[in-house]
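Here's a quick tour of a protein structure for anyone just starting out. Have a look at the chains first, then read on.

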Amino acid sequence: MSKITKKDVEYVAKLARLKLSEKEKEKFTKQLDQILKYVDKLNELDTKKVKPTSHVLPLKNVFREDKIKKSLEVEKTLENAPEKARGFFKVPKVIE
Amino acid sequence: MGYEAIIGLEVHVQLKTKSKIFCSCSTEFGALPNSQVCPVCLGLPGVLPVLNKTALEYAIKAALALDCRIAKESIFARKNYFYPDLPKSYQISQYEEPLSSKGFVDIITDGKLKKIRITRVHLEEDAGKLLHEEVKDSTLIDFNRCGVPLIEIVTEPDIKSPREAREFLAILKSILQYIGVSDCNMEEGSLRCDANISVRPSKEETGKRGNGETGKELGVKVEIKNMNSFKAVEKALEYEMRRQIKALEEGKRIVQETRLWDENKEITISMRTKEEAHDYRYFPEPDLVLMEIDREWTERIRKSLPELPEARKARFSRDYKIPDYDAGILTSSKELADYYEECIEAARRSPVADRRSPVAGRKFNKEIANWIMSELLRELKEGNIGIEECKARPQALAEMMTLIDKGILSRKMAKEVFVEMFETGEKASWIIKKRSLVQISDEEALTKIVDKILKENPRVVEDYKKGKEKALGYLVGQVMKETKGRANPQIVNKLLKEEL
Ligand SMILES: [Zn+2]
């Protein structure tokens, strides 16, 4: 039984701001379904007593002191901006 | 029909650290746009965030002051959404295993103590600032605020009226300012508040109808944003309550949505965005490691907490024997409360305070309280400055109060002296000397003036002798005029009566 439907793919694509063609939607539906089925194998293990992993390294409490260091130059910061104006990044208007 | 509101608040508070939460950029307000950013807070590829220890300790401090339980282990999570104020397309926040939970704040409503439960207090980073009006058809972005440390404080829906919401915010603000973790300045955006509100028939109503069902159901929740002051929060919630009640009574359905408060029109407006359910797809942030906060650390921070406003208010009325009302005003901000205590302390140590005078006694404490609450607060308000910038230091005010206490300075003259002290920061004794404002209590000097006035006003003297009490007041006034208000009125009174 397939776990992923075309609707799921459309939903995820929308959240990720991806525009997919009909052909791609079908392709990804199949692929995502296969991936999930493969990962499903993990469910065969009893993990009731295993704590969920939040990090793969056995590290904790890594901090920095509250000290200011020099930031980037504004020109440098805006160097890769597709559009800029008066020291700001410029994007298409997001509200009406 | 009576209705009640059910309100929950979500408050974001900027922590007062020098640098950002995950990088070393400055958090200073008002810098040139995009001048306080680096690869980490811009979310450039290949960078690693590292947590600012002070931000974490401030958050723990705030959580403890709100009586929250601190989690032994806590993790960060990515909250995924696309919006131009978020260069990484996710915000580093907390979801599962937040820093703290299950706290409360006591507020006073209708003279009664009421508990507002705190669901959780967690750490997260702020987003950039968007400007929509500067350039046509464009949005400009300043990323300076991106990565500034915030705590998010979420309440349970325990707030039952717009008034209570405002009360809660005022107390929350004073607590956070007291412990020194935030400026809580709503204008600069260091305290921001969103609200959830629904209405339902009040308990009495459902009781009357013998129908327990309706009252238990929570109505449809509406989220309100864009409230930029405590007053705006109260007004927006009042408006929203009216709007929802009206809709219910007209048999309309209330839509679950986000509405914006329009400060000028004093209404809430639907955001009209397509209501796609928010799906933030939270998952543990792999770039940051576990925070383990042991008991010892928590206790160390707990011990560093200063006396909180409620406790300080109680101590003020108990130890200084001033009315609750005065204690409430004086402890409304930490700075003001410190000012008052420094004043009392300085007066106690003052060389002019002799043992017989009531200095540092109950009456004197009240005198200082009065002076601060009327003259000082008025001058601060008129000058639009905070007490921390006030030039008239507590020591100077204490000296002036002891001079009044000893009869060297009249209250009327003191008002003038205080205005100058407020402007220049000079000591009262210096101002008095400079302006020769010392009250004349010397009987010999005053007798001469009294004699002169009596000689000049024979008719008034006649009137007084015929039993016209009012005439005496006129004569006192003449003496005061002659001495430019410097004569000690009690002594003038006494001398006049003797002479007459
Ligand atoms: Zn940075």
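Let's start where the two chains meet: 23 residue pairs are in polar contact across the interface of chain A and chain B, counting pairs with both residues at pLDDT 80 or more. On the side of chain A that touches chain B, the elements giving two or more residues are helix 1 (6-15), strand 1 (63-64), helix 3 (74-78) and strand 3 (88-92) of chain A. Strand 3 of chain A gives the most to that side, with five residues. Keep in mind as you read that this is a predicted model.

**More on the interface**

- On chain A, 36 residues are in contact with 55 residues of chain B.
- The size of an interface is often given as the accessible area lost when the parts come together.
- For chain A and chain B, the area buried between them is about 4000 Å², and 57% of it is on carbon and sulfur atoms.
- Side chains of opposite charge can pair when their charged atoms come close.
- How many salt bridges does the rule find across the interface of chain A and chain B? There are three.
- R86(A) and E134(B) form a salt bridge through their side chains, at 3.4 Å from N to O.

**The zinc site**

- Which residues coordinate the zinc ion? They are C23(B), C25(B), C38(B) and C41(B), each through its SG atom, at 2.3 to 2.4 Å.
- The site of the zinc ion is tetrahedral, with angles of 100 to 114° among the four donor atoms.
- Read along the sequence, the donor residues of the zinc ion follow the spacing C-x1-C-x12-C-x2-C.
- C23(B) has a relative accessible area of 5%, so it counts as buried, the cut-off being under 20%.
- C25(B) is buried too, at 2% relative accessibility.

- You'll find S190(B) in the loop between helix 2 (162-178) and strand 12 of chain B.
- Is S190(B) buried or exposed? With 6% relative accessibility, S190(B) counts as buried.
- Leaving out residues up to four places away in sequence, S190(B) touches H12(B), V13(B), Q14(B), S182(B), D183(B), C184(B) and N185(B).
- A polar atom of the S190(B) side chain lies 2.6 Å from the backbone nitrogen of N185(B).
- D183(B), one of the residues that S190(B) touches, also makes a salt bridge with K16(B), with the closest N and O atoms 3.6 Å apart.
- D183(B) is in the loop between helix 2 and strand 12 of chain B, while K16(B) is in the loop between strand 1 (3-14) and strand 2 (51-52) of chain B, so this pair ties together parts that are 167 residues apart in sequence.
- D183(B) is partly exposed, with a relative accessible area of 43%, and K16(B) is partly exposed as well, at 40%.

**Around I254(B)**

- I254(B) sits in the loop between helix 5 (230-249) and strand 14 (258-262) of chain B.
- At 9% relative accessibility, I254(B) is buried.
- Beyond its neighbours within four places in sequence, I254(B) is in contact with V220(B), V222(B), Q244(B), A247(B) and L248(B).
- I254(B) and Q244(B) are 10 residues apart along the chain, and their C-alpha atoms are separated by 6.9 Å.

**A buried proline**

- P201(B) belongs to strand 12 (residues 191-201) of chain B.
- P201(B) has a relative accessible area of 10% and is buried.
- From P201(B) to Q14(B), it's 187 residues in sequence and 37 Å in space, C-alpha to C-alpha.

**Other salt bridges**

- Over all chains, a search of the whole structure finds 45 salt bridges.
- In one of them, K246(B) pairs with E250(B), the closest N and O atoms being 3.6 Å apart.
- K246(B) is exposed, at 52% relative accessibility, whereas E250(B) is partly exposed, at 43%.
- E367(B) and R411(B) also form a salt bridge, with 3.1 Å between the closest N and O atoms.
- E367(B) lies in helix 10 (residues 362-383) and R411(B) in helix 12 (residues 411-424) of chain B, so the pair ties together parts that are 44 residues apart in sequence.
- A network of salt bridges links E307(B), R312(B), R315(B), K334(B), D338(B) and E341(B).

Notes: Residues numbered from 1 in each chain as written. Chains lettered and ligands numbered in written order. Predicted model: local features only at pLDDT ≥ 70, side-chain atom pairs only at ≥ 80, totals over all residues. Heavy atoms only, no water. Donors = N, O, S within 2.8 Å, 3.2 Å for Na, K, Ca; no water. Tetrahedral: all angles 85-135°; square planar, octahedral: opposite > 155°, others 65-115°. Buried < 20%, exposed > 50% of the residue type's maximum accessible area, 1.4 Å probe, protein only. Contact = heavy atoms within 4.5 Å. Buried area = accessible area lost by both parts, 1.4 Å probe. Salt bridge = Lys/Arg side-chain N within 4 Å of Asp/Glu carboxyl O. Polar contact = N/O pair within 3.5 Å; in protein donor to acceptor, adjacent residues only side chain to side chain. Helix = DSSP H or I, 4+ residues; strand = E, 2+ residues; numbered from the N terminus.
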